[in-house]
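Work through each task with the coordinates open before turning to its solution.

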Amino acid sequence: MANVVVIGAQWGDEGKGKITDLLSRSADVVVRYQGGVNAGHTVVVNDQTFKLHLIPSGILYPRTECIIGSGTVIDPEVLIEELDTLEQLKVSTQNLFISESAHVTMPYHRLIDQAAEERRGEFKIGTTGRGIGPTYADKSERTGIRVLDLMDPESLRDQVSWAVNHKNVTLEKLYNLDPLDPEEVIAHYQQFADRLRSHVVDCSLKIYDAIQKRRNILFEGAQGTLLDLDHGTYPYVTSSNPVAGGACVGTGVGPTMIDRVIGVAKAYTTRVGEGPFPTELEDGVGAVLGDRGAEFGTTTGRQRRCGWFDAVIGRYAVRINGMDCMAITKLDVLDTLDEIKVCVAYDIDGQECRDFPTSSRQFAQCKPLYKTLPGWRCSTEHCRTLDDLPREARNYLEFLAKLMEVPIAIVSLGAARDQTIIIEDPIHGPKRALLCENNESAA
């Protein structure tokens, strides 16, 4: 039995959906613990592409239970659209469960999110405009509406009536927008309640029961470490905690119940939205990475910024999350390059820095210090073992593992499930007998 957290080790979009899907084969339960519809996972199965925003990737395995935890914020309209899409594709959703204490995104959250971002002008933070920040803000202010309120018509009416009248002041006076009709909002959301009612559970109790029965549980985070509200590149962050510790808070389980943490990182680095990005490439190489990696956001369709792998960020993610191992994705995107650079440290005002700076102003001044490695100039998409990889590709992976001081367990070479090298089972294998320097055991 193992309870495993899968987290993003960069700015999100690392390919967590595919890795979670792969690991779900060994999981009895998959739990999403934070974020909302501002996140997206793309999973390819038998040439069929699934784009999921709220529902955990494990839903594609019929026997696997999937739980949307209390740390998430749920847009019921989007969730129902996902349910309908999956059912049209003959994917059963009867094993999907929703935490009764998760907070609900309301129409005024989306309106305020979009208007506030527009008002920021040159100080935009790159929000998706899906209402996530305002939903979490109401949660912190203790004025939010939870799923259990959605299930109770009387409570829903009381809560929504007060909230809409309160938010209308902001919409009209601050943003010059039309007010919402509370009765229309109530009627609209009551329809959602009827559709979702059979999926609602006490999340913490259900997970605890699974742990007591020694079932394998996979905790799935959205976004990435550098977008964490407390530990990311603030203010260019999300409104929740994607780091491994967020799994405990967002699901209601104690930290002693977590056995392992698996980080996911691309073989290069991307970032969507605003904020500093030391290794960003604004030349032809960046365009090659973006084109070969199909770097467009699942949720917004926005083009992602591309750059070389940043090992400073990698080491930071290892430390913040207590990672046991990593999965490296999209190695095949580098196949055509003559040489590949890796950021090993930063230059800050003439001083070499190997640790991630807390100050966003200081981070914006960081200049990457690179180590250049030879490329392999051949396709890796059909490789299925380490021995299949070109020597230069193995050297690259070993270099990353050494820099970040964490073994690599999985290498992904494309979107399909079978385009993967499993070096060691990260759930059931020896904790550190994985890829390390010179491809020897790290145990």
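**Exercise 1.** Which residues in H3 meet which residues in H4?

*Solution.* This is a predicted model, in which local features need pLDDT of at least 70, side-chain atom pairs count only at pLDDT 80 or more, and totals for chains, interfaces and linings use all residues. Residues are numbered from 1 along each chain as its sequence is written, and side-chain values use heavy atoms, with hydrogens and water left out.

Begin with the contact criterion, heavy atoms within 4.5 Å: on the H3 side it gives Tyr108, His109, Ile112 and Asp113, which meet Ile132, Pro134, Thr135 and Asp138 in H4.

**Exercise 2.** At what angle do helix H3 and helix H4 pack, and how far apart are their axes?

*Solution.* Take H3 as residues 107-120 and H4 as residues 132-141, helices being DSSP runs (H or I, at least four residues) and strands likewise (E, at least two). With axes fitted to C-alpha atoms over the stretch in contact, and angles running from 0 to 180 degrees between N-to-C directions, the packing angle is about 120 degrees and the axes lie 7 Å apart.

**Exercise 3.** How many helices and strands does the protein have, and why is it described as compact?

*Solution.* The count comes to 13 helices and 20 strands. The radius of gyration, taken over C-alpha atoms, is compared with the globule rule, 2.2 Å times the number of residues to the power 0.38; the protein has 22 Å, close to the 22 Å given by the rule for 443 residues, so it is as compact as a globular protein of that length. Finally, buried residues (under 20% relative accessible area, with a 1.4 Å probe and protein chains only) make up 58% of the 443 residues.

Note on methods: Buried < 20%, exposed > 50% of the residue type's maximum accessible area, 1.4 Å probe, protein only.
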